[in-house]
Amino acid sequence: MTLFRWLRFGKREPLPFKLLFARFRQLLDNNTEVLELFADAAEKQGGEYVFDRTYVTGWVTRIFDLVGKIVYDLNSIANQKYASLYALVDRLRAEAHGDLAGQPVVPQADFCIGFHQIDESQVNLVGSKSAHLGEIASRLQIPIPPGFTITTYAYLRVLAENKLDKVIDRGIELFAAGQRSACEEVCRRLREARLPSDLCRAIKRAFGQMERQGKPLYLAVRSSAFGEDDDLSLAGQYCTVLQVKPEDVFDAYREVLASLYSNDALTYRRAVGLPLRGLMAVACMRMVPAEASGVLYTLDPNRPEGVGKMLVGATWGLGSRAVAGEQSMAFFEISRESPHQILSYRPSPSAEVVVGREAGGIRTLTSEGAQADRRELSPEQIQRLCEYALRIEHYSRQAQDIEWARDPEGSLYILQARGLQVRQPAALPTNLAAQLGHYPLLLDHCGLVACRGIAHGRVCRLRDERELADLPSGAVLVTRRASPHLASAMPRVAAIITEVGSPTGHMAALAREFRIPTIVDCGAAVARLRPGQEVTVDADENLVYEGRVDALLQYQLVAENGFEDSAEYRVLRRLLRRITPLGLIDPQSDAFRAERCRTAHDVIRFAHEKAVEEIINLNVTSGVVGIEGARLLDSELPLGLRIIDIGGGLDPVLAGVSPNAPVTPQALRSLPMCALWQGLTTPGVWSTRPVGVGFRTFMASAMSWHSSESAGRNLAVLSDAYVNLSLNLGYHYTMVDAYVADARSANQIYFRFVGGASDLERRVRRATMVREILDRLDFAVRQSRDLVIANARRLPREQTEDRLRALGRLIGFTRQVDALMDSEDLAMRYVEAFLRGEYTVDPDKGD
């Protein structure tokens, strides 16, 4: 039983606000520490830091201690609204500790999972091969055949249904004693195993949902064992059954399960030090009616120093015999540089073609020479295939061995991708430093490394997140903000450089997840890097060179990393794949729900967003326990603002001891409130001159007066590092919720602006003005009619306070300008005036 399990038995009475806020601050601190732990483990994966089993164990233990506390604090704030997260954290903790112990935990789950629902966090359920395919499809947006995976949970159900655990243990015991044929009985029993009826229904339902497009459905039924295509390829050790009709899927499934305990598979696993007892998931994908198929190597495995070319083997028809070494293939040498020119081509001497049979299964035919004057791939198809391959290589940070197929319509599909074993060159460049001296340095330790790696491309500046869909493949993305929304472009970009951001932010975690070399908080990037400029980003050393530095690119692909062979490294890598992927990116999405959390990172992201939302909602609604004794702020500004101090927000001496006495601005000690107040009291910002309006605007104002029930209710709830400011000014509503501390990962500003006294058209123009100003001040902003919502997060303390001062000036500046918004052009003139520091509203510009 966990420490927090007692909380699951119902809701409690609401807690006093001071205690809720203490929980909120603790949640922020714990969230910061988890993100720092993610970043630290990612650094360890770079190979520059020695770590042992003790580090890995302590890292996992601390992560889940903190995640458990975060869920506890969230539910304290939200009155147990998200209690389902307790069980999820317990399950994730058990799975992680199973990985640590070398005994992967298989959670109770669906028997079948569609490829597009799979990611690396589910590797225990679907095996490494299926997890890689799921990542290729969902993260890299590269086409794979449709299909599903029958999970390892289903495999364990088959063993239990047929009482095979003792049979397997006895077979392994005899094999280990030298009886090579000892597991024949295990294989026979698996081929004859009775499948549970609910498993059969799930498999039928899964292939029944596959779109048949008016054609017969055939499946490729392939092994996806735990560990296969991961640290070791196990290439060819397990069974694949091709051209399987739906009614034959169950026999093919049993055949693949049986191959887990074949003599060859056991001999291989013993030779490479893998456990003899295994876990088998089975991938079922639609057969591509391949006109051509084959294999692509992103490097020549025997001559990796020839970093400029890729190798493609191709054959007509299905590639099963060719990849098994039973049939010759045509051979292309292709440039790694776009547009991937064909450097050489050698046709296949084989006249054999493997095709699927209508009755199921495959057969080999002899070609009549009809293809003699054609190549298996056109130049355009070669270019597309190479772009897919390099995206996969870039994502995996390792040269790749990729199986592909092309259908008669010219569509290309990736069937499998795994790391390519590359022979080390006789000597890596010994004069690398001298070679680097020939390239101008554009950025030298400017900013902080968020994800290590080396990449090359042309600079593409991002001015608006709406441009993400148009980013060219292989670009070096340069942008102001480190927003998680950049994730949509991460499958295509070579590297990321941002002017603001933190290595412990969510975007940095996503960059590490996508393995994109990333440098953040590099304030000079936009000024120093020209659009279209060719650069090489060395995020290992925090350098950016002008031009393409081939020596560095080659070094990254072929340099020996002996540390990657250590057991500790492999365990930590598996844990990172399980714990750190982030699927919940957009808080505005319908998918941003507790039940969609799959990883610890999802949990803390969800908890952080919902905790902020709960605190904001508590402060703008009535009936919160502990919100009493508000004190009037006695100032020259006609705000009627009341202050509630929940801890350290007021100087106790200057504020005095009387709970009802007014306080002066000199008593303010809240960091965010002080910054806002400095902005509000900037000379010229708070104009008290009347604004001239026309009859229509006057009538709209009169109507607003009667409908504005909350007019004049201005409240600030504050502590030493926090403020929630709610203002009703000029019949519009403004809210600022901000936290400011020295730890940048906790810093955040949330701003909401809506309403006004004039007609809707003018209010929308004013909202557009506010949105444009905030966008130019590097807030993340969205607008819906006269509603504007903006936020800024994880900035250093000084920058956070600067933005709060700007918000203070904006609040004063915008009080009455909706009445003056006669045109969009005038709204834009006010934008420029504000940004120049000209805050006086001219009453002569009314209607």
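Over how many bridges do strand β12 and β13 pair? Strand β12, which spans residues 400–406, and β13 pair in the antiparallel sense over seven bridges, where two strands are said to pair if DSSP finds at least two bridges between them. The structure discussed here is a predicted model, in which local features need pLDDT of at least 70 and side-chain atom pairs count only at pLDDT 80 or more, while totals for chains, interfaces and linings use all residues. Residues are numbered from 1 along each chain as its sequence is written, and side-chain values use heavy atoms, with hydrogens and water left out.

The two strands belong to an open sheet of six strands, in the order β9-β8-β7-β6-β12-β13, with antiparallel pairing; helices (H or I, at least four residues) and strands (E, at least two) are DSSP runs numbered from the N terminus. At the edges lie β9 and β13 (412–419), each of which pairs on one side only. Direction ignored, neighbouring strands of this sheet are turned by 20 degrees against each other on average, the axes being lines fitted to C-alpha atoms, for helices over the stretch in contact, with angles that run from 0 to 180 degrees between N-to-C directions.

Helix α12 (residues 379–396) lies across β6 (292–297), β7 (309–316), β8, β9, β12 and β13, and runs at about 35 degrees to β13.

Turning to the helices, α3 (residues 84–100) has 17 residues and reaches 25 Å from its first C-alpha to its last, close to the 24 Å expected at 1.5 Å a residue, the expected span being 1.5 Å times one less than the number of residues. Its buried residues (under 20% relative accessible area, with exposed over 50% and partly exposed in between, for a 1.4 Å probe and protein chains only) include L85, Y86, L88, V89 and D90. Just after α3, G102 takes a positive phi of about 75 degrees.

In helix α7 (residues 184–191), the buried residues are V186, C187 and L190. Seen down the axis of α7, these residues fall within an arc of 100 degrees, so they line one face of the helix; the arc is that of the directions from the helix axis to the C-beta atoms. They pack against α5 (152–161), α6 (165–176) and α9 (249–259), with contact meaning heavy atoms within 4.5 Å.

The structure also holds eight aromatic pairs, counted when rings of Phe, Tyr and Trp (its six-membered ring) have centres within 6.5 Å, with planes under 30 degrees apart called stacked, over 60 edge-to-face and the rest tilted. Y82 and F606 form an edge-to-face pair, 5.1 Å centre to centre and with 85 degrees between the planes. This pair links distant parts of the chain, with Y82 in the loop between α2 (53–77) and α3, and F606 in helix α18 (residues 600–620), 524 residues apart. Y82 is buried, with a relative accessible area of 10%, and F606 is buried with 1%. Ring pairs link Y82, F592 and F606 into a cluster.
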